[in-house]
Amino acid sequence: MLRFQTRKVIVVLLVLLFGCGFALPNLFSPETRKAIEAGAPSWIPRILLPIHAVVLGLDLQGGSHVLLEIDRADLVRSQVMQLRDDVRRILRDERISFQGGIGMTARGVSVRVPEAADRAKLLPKLRELAQPVGTLGAFGPSGNNTIDIAEQPDGLIQLSVTEGGANERVRRAVEQAMEVLRRRVDALGTTEPNIQRQGLDRILVQVPGLQDPQRLKDILGQTAKLQFRMVAESQAGDVDMLPSNDAGGSLVPVERRVIVEGADLVDAQPAFDSRTSQPIVNFRFNIRGAQRFGQATTENLGRPLAIVLDNRVISSPVIQSPITGGSGQISGNFTVESVNNLAILLRAGALPAKMTIVEERTVGPGLGADSIQAGKMATLIATVLVIIYMIATYGVFGLIASIALLVHVCLIFGLMSVLGATMTLPGIAGIVLTIGTAVDSNVLIYERMREEAHQGRSLVSALEAGFQRAFATIIDSNVTMLIAAVALFSLGSGPVRGFAVVFILGILTTVITAVTLTRMLIALWYRWARPKALPF
């Protein structure tokens, strides 16, 4: 126990050196860190250059806070339209005759089938459309199926979207929207955004450090439903009248048939046209999209192609030649910022439904500065009091535990800097908490040493027994705390996860500092002092 091999001492010292080295940039300003990075020789690996500081959360450095609500009516409307298309497909496939058209209401569709034999053949197919609703929990009951089917005596069959089915659709849409929003926010280059569900149909987005809420709103608020359709030659037939940027906002007829959708895009990047130097977006399709796009451009030479984004024609170029390579460009009266935003939207994908911003605010860094100052003061006071108590109780061993405690705090900041973890206000509370719990292991070891010495053991034997017999207890206590911290991180969100991250790192570094480092320092102290009894 009191004999550490030289290689073990070197390994421990290297771990402490790198850990504290990565924590050092937190003492410098951002300008100083940039200067260090710019002035460093190119032959130094960037992983060995500690230039990254802990990222501050929204509550500490300010940023943008946006609360979005998914358009439930729009989702139900699309669900009803999908139901209408499914009913039409079944009627066509089964060759069932019906009277009139397929009626549509706000919550369902209806079709009149006069023949009983046709109804007997149709109803089993329609019931296949009614999927069972999963466990909705707090989202509310209302029907076990997504669709309710009712048959009237006069042959009228009504299909209605149930409340449970609508809630299930909203739930799935929110989950999909969260992934799309995360990809969009990540493309802005921000660090550790907080995106979480609130209730059934709302999503909270917090972006630390972003002081331009308007750009965030522009990125998050658009549905970004991209379609490639042909401009109709007349207003007759199956067409939609959509506003066009090329026509100054005037309505132009566009065929309803969709050639390719944004889901077939695999990449979209901002660029500049080599001929006009105007900002454009270069896009690339997958194999299916490339085949459809190539066939459509081959069959419609000389016709304008409508590029529709959220039911607005953003560009309508004339097809000059077949585009069979699976790539192209979107041009128009774009600015550099609008092209960048459009590329981000297309890469991230479309939202499943319209989303409305119900709350927005910019959190200034003033409150964060006060919180940081208060956190620093709390950490300093807690550290000083713990050090005073440990030295007063255990003497030189208390001083050793205090040195390990300071290294413990440095390692937490070093790990957070390397991992890019975000420091929040609850995270500061986590550091203060780990300061108190970090010396628990030392207290267990020292008290075990005292018990062994009182039982008549020699000093060396008491020191060895203190570490060996307290080690299992230390591991058990830290494992139980680690389980609780992992549960907080897995099930929590936002500030709760910020606290959990710091607490998990604190538990891991405690084992290194309170056991390994303390043991090495006590061994060095014994070799140097050659004491005859415990110093406490």
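Is Phe-397 buried or exposed? Phe-397 is buried, and its relative accessible area is 0%. The model behind this value is predicted.

Phe-397 belongs to helix H11, which spans residues 396–419. Its ring has a partner in Tyr-446. A pair of aromatic rings is described by the distance of the centres and the angle of the planes. For Phe-397 and Tyr-446, the centres are 5.3 Å apart and the planes meet at 45°, so the pair is tilted. Tyr-446 sits in helix H13, residues 440–454.

The model has 10 aromatic pairs. Another of them joins Phe-285 and Phe-293. Here the ring centres are 5.1 Å apart and the planes lie at 50°, so this pair is tilted too. Both Phe-285 and Phe-293 are buried. They also belong to one aromatic cluster, together with Phe-228 and Phe-283.

Go back to helix H13. Ser-441 is found there. This serine is buried, with a relative accessible area of 4%. What does Ser-441 touch, leaving aside residues up to four places away in sequence? Its contacts are Ile-474, Asn-478, Thr-510 and Ala-514.

Now the charged side chains. The structure holds 26 salt bridges. One of them joins Lys-125 to Glu-94, with the closest N and O atoms 4.0 Å apart. A salt bridge requires the nitrogen to be within 4 Å of the carboxyl oxygen. This bridge links distant parts of the chain, 31 residues apart. Lys-125 lies in helix H5, residues 116–127, and Glu-94 in helix H4, residues 72–94. Both ends have some accessibility. Lys-125 is partly exposed at 32%, and Glu-94 is partly exposed at 22%.

Glu-168 and Arg-171 form a salt bridge, and their closest N and O atoms are 2.5 Å apart. For Arg-171 the relative accessible area is 19%. The cut-off matters here, because buried means under 20%.

Glu-175 is partly exposed, with a relative accessible area of 39%. Which residues make up the network of salt bridges around them? Glu-168, Arg-171, Arg-172, Glu-175 and Arg-197 are linked in it.

Next, the cysteines. A disulfide is a covalent bond between the sulfur atoms of two cysteines. How many disulfides does the structure hold? The number is zero. Take Cys-20 as a test case. Its closest cysteine sulfur is in Cys-410, 4.2 Å away, which is too far for a bond. The limit for a disulfide is 2.5 Å between the sulfur atoms. Seen from Cys-410, the closest cysteine sulfur is that of Cys-20. Cys-20 is partly exposed at 27% relative accessible area, and Cys-410 is partly exposed at 31%.

The surface has a nonpolar side as well. Met-377, Leu-380, Ile-381, Val-384, Leu-385 and Ile-388 form a nonpolar patch, with about 560 Å² of accessible area together. Val-384 lies in helix H10, residues 365–394. At 38% relative accessibility, Val-384 counts as partly exposed.

Turn to the backbone. Most residues other than glycine have a negative phi, and most peptide bonds are trans. Ser-277 has a positive phi of about 65° although it is not a glycine. Ser-277 is found in the loop between strand S12 (265–272) and strand S13 (279–285). This residue is exposed, at 52% relative accessible area. Asn-311 also has a positive phi, near 60°. Its place is the loop between strand S14 (305–309) and strand S15 (313–315).

Finally, a sense of span. Lys-8 lies in helix H1, residues 6–23. This lysine is partly exposed, with a relative accessible area of 43%. The C-alpha atoms of Lys-8 and Ala-350 are separated by 55 Å. Along the chain, these two residues are 342 residues apart.

Methods
Residues are numbered from 1 along each chain as its sequence is written. This is a predicted model: local features need pLDDT of at least 70, side-chain atom pairs count only at pLDDT 80 or more; totals for chains, interfaces and linings use all residues. Side-chain values use heavy atoms; hydrogens and water are left out. Rings of Phe, Tyr and Trp (its six-membered ring) pair if their centres lie within 6.5 Å; planes under 30 degrees apart count as stacked, over 60 as edge-to-face and the rest as tilted. Buried means under 20% relative accessible area, exposed over 50%, partly exposed in between (1.4 Å probe, protein chains only). Helices (H or I, at least four residues) and strands (E, at least two) are DSSP runs, numbered from the N terminus. Contact means heavy atoms within 4.5 Å. Patches are made of residues with over 30% relative accessible area and no salt bridge: like charges are joined within 9 Å, nonpolar side chains (Val, Leu, Ile, Met, Phe, Trp, Tyr) within 5 Å. Accessible areas come from the Shrake-Rupley method with a 1.4 Å probe; for residues, only the protein chains shown count as cover.
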